Amino acid sequence: MDVKSGKRMMILAMVLTLGVGLLFPAHTLAHCDTLDGPVVADARIALDKADITPVLKWVKADDEPELRAVFAKTLAVRKLDPAAKDLADTYFFETLVRIHRAGEGAPYTGLKAAGTVPPPIVKADQSLEKGNVDELATAIGNHAEAGVRERFKHALEAKKHAGESVVAGRDFVAAYVTYVHYVEGVVAAVHAETHHGETGAKGGHQH
């Protein structure tokens, strides 16, 4: 396998392992709305430093005035007492995430609890922190290959007996559809337009 083919297979594998949620609704596996996600993490830093700069990258320029106004109010309220601080911080987190989601055309459904980010997404973030994706890519590639082989094997075995009876024929069709749809889902995701979390040739960033 040449380098180009290897890279294409790696992309397919990564998309596949992240699941159907990544292949279709972009917001399904989003983690920008979780309390331990990157958006809230930057928000905590901004509040601790009393400097809004770390979170400005998460919103569009047109939304800066609203966020700055809320940030200023949050800094004032959180000085009152611990209870007020917690309430003000949560309000700022919610506002930031809401504005961020609206900017990418995604719905805001409230902050999600920490620990709800799917493991593959957590590992993807950790790889960026480490500056090395080898371990993640290898694990995903192995998982994807196993998934394709399993469905292929089932479909191939069913095909051998498809002509024996109507029931056997239907079993083959079911196995065939499962196998092909699995592959189609990956191909559709790879060739689809830029979505949540990608930066495409057309410009713009979504998370």
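The expected span of a helix is 1.5 Å times one less than its number of residues. Keep that in mind for helix α8 in this predicted model: its 27 residues, 134–160, should span 39 Å, and the end C-alpha atoms do sit 39 Å apart, so the two values agree.

**Helix α8**
- As for what is tucked away, the buried residues of α8 are L136, A137, I140, G141, A144, G147, A155 and A158.

**Helices α5 and α6**
- Two packed helices are described by the angle between their axes and the distance between the axes.
- For α5 (residues 64–77) and α6 (residues 82–103), the axes come within 9 Å and cross at roughly 170°.
- Angles over 145 degrees count as roughly antiparallel, and α5 and α6 are therefore roughly antiparallel to each other.
- On the α5 side, the contact is made by E66, L67, V70, F71, T74 and V77. From α6 come A84, A88, D89, Y91, F92, T95, L96, R98 and I99.
- Sorted by class, that contact of α5 with α6 has 10 nonpolar, two polar and three charged residues.

**Loop residue A50**
- You'll find A50 in the loop between α3 (38–49) and α4 (53–56).
- Most residues other than glycine have a negative phi.
- A50 has a positive phi of about 55°, although it is not a glycine.
- With a relative accessible area of 48%, A50 is partly exposed.

**Loop residue E104**
- E104 belongs to the loop between α6 and α7 (119–130).
- Its relative accessible area is 12%, and under 20% means buried, so E104 is buried.
- E104 and K60 are 44 residues apart along the chain, with their C-alpha atoms separated by 9.1 Å.

**Aromatic pairs**
- Searching the whole structure turns up three aromatic pairs.
- One of them is F172 with Y176: the ring centres are 5.9 Å apart and the planes are at 35°, so this pair is tilted.
- F172 and Y176 are four residues apart in helix α9 (residues 166–191), which means they are separated by about one helical turn.
- An α-helix has 3.6 residues a turn, so residues three or four places apart point the same way.
- Y176 is partly exposed, at a relative accessible area of 43%.

How values were computed
Residues numbered from 1 in each chain as written. Predicted model: local features only at pLDDT ≥ 70, side-chain atom pairs only at ≥ 80, totals over all residues. Heavy atoms only, no water. Helix = DSSP H or I, 4+ residues; strand = E, 2+ residues; numbered from the N terminus. Buried < 20%, exposed > 50% of the residue type's maximum accessible area, 1.4 Å probe, protein only. Axes fitted to C-alpha atoms, helices over the stretch in contact; angles between N-to-C directions. Parallel < 35°, antiparallel > 145°, perpendicular 65-115°, else oblique. Contact = heavy atoms within 4.5 Å. Nonpolar A, V, L, I, M, F, W, Y, C, P; charged D, E, K, R; others polar. Phe/Tyr/Trp six-rings, centres within 6.5 Å; stacked < 30°, edge-to-face > 60°.
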